[in-house]
Structures are given as structure tokens and as C-alpha cells.
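Trainee: I am new to this model and would like a close look at a single part of it. Please walk me through its aromatic rings and what surrounds them.

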Amino acid sequence: MSKGKFEEGSELKENDTSMEATDVKRLLSRFKSDSGEVLPGGLLDLPINITVDKLQAICNALLQHEEPIPFAFYVNDVEVIDSLEKSIGENFSSSEDVLEIVYQPQAIFKVRAVTRCTGSLEGHKEAVISVAFSPDGQCLASGSGDTTVRFWDIYTQTPQFTCEGHKHWVLCISWSPCGRKLVSACKNGTILLWNPKTGKQIGRAMSGHKMWVTSLCWEPFHKNPECQYFVSASKDCDLRIWDTVRAQVVRILSGHTKSVTSVKWGGSGLIYSASQDRTVKVWRAEDGILCRTLEGHAHWVNTLALNVDYVLRTGPFHLGKNENETETSVEYAKKQYESVGEEILVSGSDDFTLYLWKPEKEKKSIARMTGHQQLINDVKFSPNGRVIASASFDKSIKLWESSTGTYIASLRGHVQAVYSIAWSADSRLLASGSADSTLKVWSMKTKKLCQDLPGHSDEVYAVDWSPDGLRVASGGKDKVLRLWQN
């Protein structure tokens with residue numbers, strides 16, 4: 001499709017009667033990508049009541065797409081849902097100003113809301129503390145208070161392997177980005193590595209932490225496609241980087257003065273750790289140097305999330321890449337990571353607040369986000385990096401604009417604490433698990449409850465949405481895993 005009527009500096013043609021009425025106010029506008037590049041086509045004279053569908057048509061025409069692709073549009077970080085007029089309101093009155101419309105490609109596939117429980121996976125003898133789908137969405141793992149890790153067949157909805165080796169509650173599990181290993185850690189500090197295809201332990205147990213392990217995170221795929229290293233955080237105040245081939249510690253990161261609650265390994269070679277000492281620390285993975293300490297919280301920091309978490313999780317699998325094409329997969333994973341832009345970190349705390357950081361460069365926070373009435377238990381960036389969701393003991397989930405920390409909406413419906421949240425791959429839906437024994441699915445378009453999913457008989461501790469968007473898994477105090485699908 002040629003530019004046609006969208007030549008440099010041109011205006012929309014007068015004969016486009018579908019968009020035009022003589023008494024409709026018009027605005028000089030231009031399109032920008034979310035990375036800041038101005039779209040060829042110059043300034044456009046658009047009616048203020050132009051709809052999203054018309055913006056889609058113009059944007060696809062300017063980009064000369066043979067096949068139109070869906071876009072989301074933002075003005076001053078507010079998504080245009082219906083028309084420009086409704087989104088800008090009173091904020092934009094001058095006819096001389098140029099209105100910048102930021103466009104962002106949307107996932108072409110659309111995840112459908114899960115509506116029913118399709119399977120109850122029984123076998124654990126104690127509470128299910130963690131559930132996680134593999135990076136390609138084809139395998140499901142769980143960790144439990146019964147000291148086992150289990151792998152499940154999501155198609156037959158039956159147990160595949162029961163992995164025994166821990167002597168205490170399995171507190172956390174984490175898939176390697178290549179999908180060929182799963183690491184688990186328990187309350188006595190032991191870390192074990194598993195082969196998901198056989199259920200067998202890989203190598204010997206990794207011990208060194210003096211107290212229980214609270215969080216695990218792998219080195220990103222584009223940094224090391226062999227997935228040789230991961231980092232663990234512990235109540236003993238230390239972080240440890242492990243070599244899975246030698247089953248030994250490569251480096252100990254010491255500096256926190258209280259329990260480390262959460263750890264993330266970013267895509268640029270930095271490790272971020274949150275602690276009950278009220279700080280977030282930024283470490284250089286290659287030599288363990290402490291780069292900076294992020295201060296501001298007045299109480300324990302419980303949870304961290306990065307805007308690149310989703311692309312780091314799905315890395316080489318995003319397009320169903322053949323895992324043998326290592327070079328292509330690495331290049332693809334790197335491109336996906338770089339497409340997000342600068343890493344942004346959000347931290348949630350017992351002080352009821354969240355802080356937004358640009359941790360690669362600055363010690364000062366971008367924003368302090370207030371509004372929750374009790375401690376914040378979980379926080380997640382949407383896969384497209386646009387929205388932050390935070391779950392709290394105050395029974396609510398709050399949504400925030402990711403680049404400024406501006407409050408968007410509160411999702412209310414749970415009647416007890418919200419423990420865990422998970423986004424659908426297309427960023428259009430959010431699932432939450434609560435102490436009230438229900439899962440709920442929320443629509444980002446309406447900011448309202450989309451599906452209420454009762455089924456568990458007790459508190460729901462863990463929720464995960466498969467990266468392929470097809471199913472949600474949940475686990476909790478009733479010892480049962482449940483699978484939910486459309």
C-alpha cells in the first residue's frame with residue numbers, strides 16, 4: 001500500500017467525508033513509535049473525534065503494510081480506547097500544538113479468557129507453594145510443602161514425574177530460559193536441578209545457604225544459551241551465583257543486612273535484589289561488584305519486577321523457534337530484549353508503596369506509587385511493558401502506567417488478600433489468586449472483572465498463565481493444582 005494521501009507535510013484529503021464534519025475541531029498530529037521514531041508522513045490534520053479504527057487504517061497506510069496489523073495508541077501515556085477526543089479531554093486545547101500519538105504493535109493473536117476448570121491435578125500431600133509453565137508453555141511444574149517437585153502432562157492432565165530429594169518445603173522453582181532444566185530450592189537452603197524430560201536430578205545437590213532460599217532467577221538466554229548459571233537469594237542475607245555444570249558457587253554477593261526476598265537477573269548483565277533491610281541493590285553479574293543501592297522504602301521490600309521479565313522468560317520460544325538453531329535463537333532472544341528499551345524496575349513493599357526505578361543508571365526513583373492500604377505481595381509488568389499490576393493484602397489489585405508510575409485503576413472483587421497475579425501473553429487479561437479461594441480474570445479494556453473462577457477449597461498461593469496463552473495453572477493450600485482453559 002503506497003503512502004498516497006499521506007505525503008510529507010500533507011493533510012488528510014477533503015473528500016474523506018467519513019472522518020469529517022465542518023463543525024468538528026481538528027488537530028495537527030503526528031505518529032511516533034514507542035521507541036520515539038516519528039512516522040514518515042509528517043503532520044496530519046485529524047478530526048478530534050477520529051476513532052481507533054481510523055487511526056489503525058492511517059498508521060498501517062503510513063507504514064505501507066500489505067496486511068494490516070493491530071496497534072494500540074497512546075496520548076500522554078493514556079491509551080486511546082474509543083476516540084481521540086475522549087482520551088485527551090481538556091488537556092489539549094491549543095490548535096497550534098502538535099499532538100503526538102504513540103503507536104505500539106499489539107499481539108496479533110488474542111488470548112481468550114479462561115472460563116472453566118478443565119483439570120484437578122492431585123498428588124501433592126501438602127500445600128502447593130509454586131506453579132510455573134515452561135518457557136514454551138508445553139510443560140508444567142509445581143513445588144510443594146510435601147518436599148517434592150512435580151512435573152505434569154498438561155494434555156492428559158496427569159502426573160508425569162515426582163521428584164524427591166528435598167528434605168523440607170520446596171519454596172521456589174524456576175525454569176531455565178532454554179526449557180531444559182528446572183531448579184528448585186527448599187526451606188533448609190538446599191538447591192536441586194531437574195531434567196523435565198526424565199524427572200531425574202541433574203548433578204549433585206547445591207548447598208551453601210545457611211537459611212532458606214527465597215527466590216531464584218536464571219541468566220538470560222541471549223547472554224548464555226547454555227543456561228549454565230542462575231542466582232539464588234536467601235534469608236541468610238546473601239545471594240549466590242551457581243554454575244549448574246559444576247554444581248558449585250561461582251560468586252557470593254554480600255551486602256544486604258537482612259533477608260533477601262527477591263532477585264532478578266536483567267538482560268544487560270545486572271542482578272537486582274530486594275531485601276528486608278528496606279533496600280534494593282544492583283550488582284554486576286560478571287564480577288559481583290555492587291553498582292548502587294536503591295533506597296526509599298520505609299519497610300521490607302517484598303517483590304520485584306522488570307519490564308523485560310516476559311521477553312527474558314520466553315526468549316527463544318517466542319516464535320516457536322527450533323531450539324537446535326542456537327545462533328538464530330540467541331539473535332532472536334537478543335532482538336526481543338532490545339526491542340523493550342531501557343530496563344525499568346518496580347519494587348513493592350510492606351510500607352504499602354511501590355517505587356519505580358531506572359536501575360541501570362540512576363539511584364533516584366522515577367516515582368513513588370501510593371494507594372494500597374496494606375502490604376504489597378506481588379507485582380508484575382504486562383508483557384508489552386506498558387502497565388504494572390500490584391497485588392496486596394488490602395484485597396485489591398492496582399494498575400499503574402509503567403513509565404511514569406501514574407495510577408490507572410483499582411480492580412476490586414476479592415474478599416481476602418490477593419497473593420499472586422499473572423498476565424496473559426497479549427497483555428489484555430490479568431489473572432489473580434487470593435486467600436478467598438478463588439481465581440479471578442480481569443479485562444484490561446474495561447478494567448473490570450471478566451471471569452470469577454471458584455473451585456479451590458482453600459487459599460490460592462500461586463498462579464501462572466502459560467506463555468502460549470492457552471491455560472492458567474493455580475495451586476494452594478488445598479494441595480491440588482487446577483488447570484483453567486476457555
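Mentor: Let's begin with a word we will need: a residue is buried under 20% relative accessible area, exposed over 50% and partly exposed in between, using a 1.4 Å probe and protein chains only. This is a predicted model, where local features need pLDDT of at least 70 and side-chain atom pairs count only at pLDDT 80 or more, while totals for chains, interfaces and linings use all residues. Numbering runs from 1 along each chain as its sequence is written, and side-chain values use heavy atoms, without hydrogens or water.

Now to the rings. There are ten aromatic pairs in the structure (Phe, Tyr or six-membered Trp rings with centres within 6.5 Å; planes under 30 degrees apart are stacked, over 60 edge-to-face, the rest tilted). Start with Phe-151 and Trp-175: their ring centres are 5.8 Å apart and their planes meet at 70 degrees, so this pair is edge-to-face. It connects distant parts of the chain, since Phe-151 sits in strand β9 (residues 149-153) and Trp-175 in strand β11 (residues 170-175), 24 residues apart. Helices (H or I, at least four residues) and strands (E, at least two) are DSSP runs numbered from the N terminus. Both Phe-151 and Trp-175 are buried.

Next come Trp-218 and Phe-230, with centres 5.3 Å apart and planes at 50 degrees, so their pair is tilted. Here strand β14 (residues 213-218) holds Trp-218 and strand β15 (residues 229-234) holds Phe-230, twelve residues apart. Trp-218 and Phe-230 are both buried too.

Rings can also gather in groups: Phe-31, Phe-71, Phe-73 and Tyr-103 form a cluster linked by ring pairs. Phe-31 and Phe-73 turn up again in the largest nonpolar core, which has 22 residues; along with Leu-55, Leu-84 and Ile-101, they touch the most other members. (Such a core is a set of buried Ala, Val, Leu, Ile, Met, Phe, Trp, Tyr and Cys residues joined through side-chain atoms within 4.5 Å.) Among the elements that each supply at least two of its residues are β1 (26-33), β3 (71-75) and β5 (98-105). Helix α1 gives the most, with five residues.

Finally, look at two rings with a charge over them (NZ of Lys or CZ of Arg within 6 Å of the ring centre and within 35 degrees of the ring normal). Lys-187 lies over the face of Trp-169, 4.4 Å from the ring centre. Over the ring of Tyr-74 sits the charged end of Arg-386, 3.7 Å from the centre.
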